[in-house]
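Open the model in your viewer and keep the sequence panel beside it. We will go from stop to stop, with something to select at each one.

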Amino acid sequence: MAEPIRVVTDSMMGLKLPDYARLSPRVATVLGHNPGPFTGPGTNTYIIGTGSRPILLDTGIGVTKWAELLPIGLRELSRTDQFDRVVLTHAHQDHIGGMRDVTRLFGKLEVCKKPWPTAGPDAAAGIPITEIDDAATVSTDGATLEAVFTPGHAPDHLCYVLREEKALFTGDVILGAGTTIIPDETGDLGQYMDSLRRLLTLDVETIYPAHGPVIRNAKQKISEYIAHRELRERQVLGALRDGPLEVPQIVKKIYTDVPVFLHTAAAQSMRSHLKKLGREGRVEEHEGRWKLR
Ligand SMILES: [Zn+2]
């Protein structure tokens, strides 16, 4: 049977999501309103819990419209005016950038995340962070979140299992449509694959992603993500079979179905693939050209 061109065939382009919505008895969402080809309609920020002090998970990029909607969504969806604390999936700007608005609106709240390995990104939050790590639990009325260390997209990335629902907040590890970028500088494709395989072992059915709609068939989606990256890896090796190529040439050969304006982003993921294959001793680079070993 011939290989497909790609496994994950949908994309974030043109997706629409409501300003805010209740998704389950213990999960509601407010849209971050930072739309783009990689963020879809914007970052999903989540209100989690059943009581008067829910948890806020992620804060968007720092958009006025989100800051206006958040207290309205909180009141309408959860009948309260205050959060218990903030939990962050990782320190990319479109997850942490709304912290200043959160502090302005709700005062100084405790902010839990795994620290970024070097100084810098965490400081963007502009507030002290309570350091948490794999297996840490954060709870409020009606909800217990358990952290799962899932590096690869970002070195500080935590997913969170919502125990009461067999649900998983995946941040940017799994998205509601399309695939995620593995940054070639700070990302790590090998770690990312290990993170996906670990998520597959969890007893979860629902995924609440940081971008795009809720996923109800969690295991199938995680399997698709793994298959997608494995396919890309075979495609890279296949593309190099006829001789050495530079990254843009490989991208052009493989991403035939992706609009050209996304090729710069695709090149990042491609370099992550090449880095991983290089470490495994399967490809090597000489003066910007990659070849099989
Ligand atoms: Zn990210």
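Two strands are said to pair if DSSP finds at least two bridges between them. Helices (H or I, at least four residues) and strands (E, at least two) are DSSP runs, numbered from the N terminus. This is a predicted model, in which local features need pLDDT of at least 70 and side-chain atom pairs count only at pLDDT 80 or more, while totals for chains, interfaces and linings use all residues. Residues are numbered from 1 along each chain as its sequence is written, and side-chain values use heavy atoms, with hydrogens and water left out.

**Stop 1: strand 10 and its partners**

Select strand 10 (158-162). On one side, strand 10 is joined to strand 11 by three bridges, and the two run antiparallel. Look for Tyr 160, whose bridge partner in strand 11 is Phe 169. Strand 10 also pairs with strand 9, again antiparallel, over five bridges. Here Leu 158 of strand 10 stands opposite Phe 149.

Now show the side chains. In a regular strand they alternate between the two faces of the sheet. Which residues of strand 10 are buried on each side? Leu 158, Tyr 160 and Leu 162 are on one side, Cys 159 and Val 161 on the other, and all are buried. Buried means under 20% relative accessible area, exposed means over 50%, and partly exposed lies in between (1.4 Å probe, protein chains only).

**Stop 2**

Most residues other than glycine have a negative phi. Lys 166 counts as partly exposed, at 35% relative accessibility.

Arg 79 is another residue other than glycine with a positive phi, near 50°. Is Arg 79 buried or exposed? Its relative accessibility is 62%, so Arg 79 counts as exposed.

**Stop 3: the zinc ion**

His 90 (NE2), His 92 (ND1), His 153 (NE2) and Asp 172 (OD) coordinate the zinc ion at 2.1 to 2.2 Å. Along the chain, these donors have the spacing H-x1-H-x60-H-x18-D. His 153 sits in the loop between strand 9 (143-149) and strand 10, and Asp 172 in the loop between strand 11 (167-171) and helix 4 (189-200), so this pair ties together parts that are 19 residues apart in sequence. His 153 is buried at 6% relative accessibility, and Asp 172 is buried at 5%.

Try the angle tool on the four donor atoms: the angles run from 91 to 170°, and the site is irregular. Four donors count as tetrahedral if all angles lie between 85 and 135 degrees; four count as square planar and six as octahedral if opposite donors are over 155 degrees apart and all others between 65 and 115; anything else is irregular.

**Stop 4: around His 92**

Finish by selecting His 92, in the loop between strand 5 and helix 2 (93-96). His 92 is buried, with a relative accessible area of 18%. What does His 92 touch, not counting residues up to four places away in sequence? Its contacts (heavy atoms within 4.5 Å) are Trp 116, His 153, Ala 154, Asp 172 and Pro 183.

Terms used
Donors = N, O, S within 2.8 Å, 3.2 Å for Na, K, Ca; no water.
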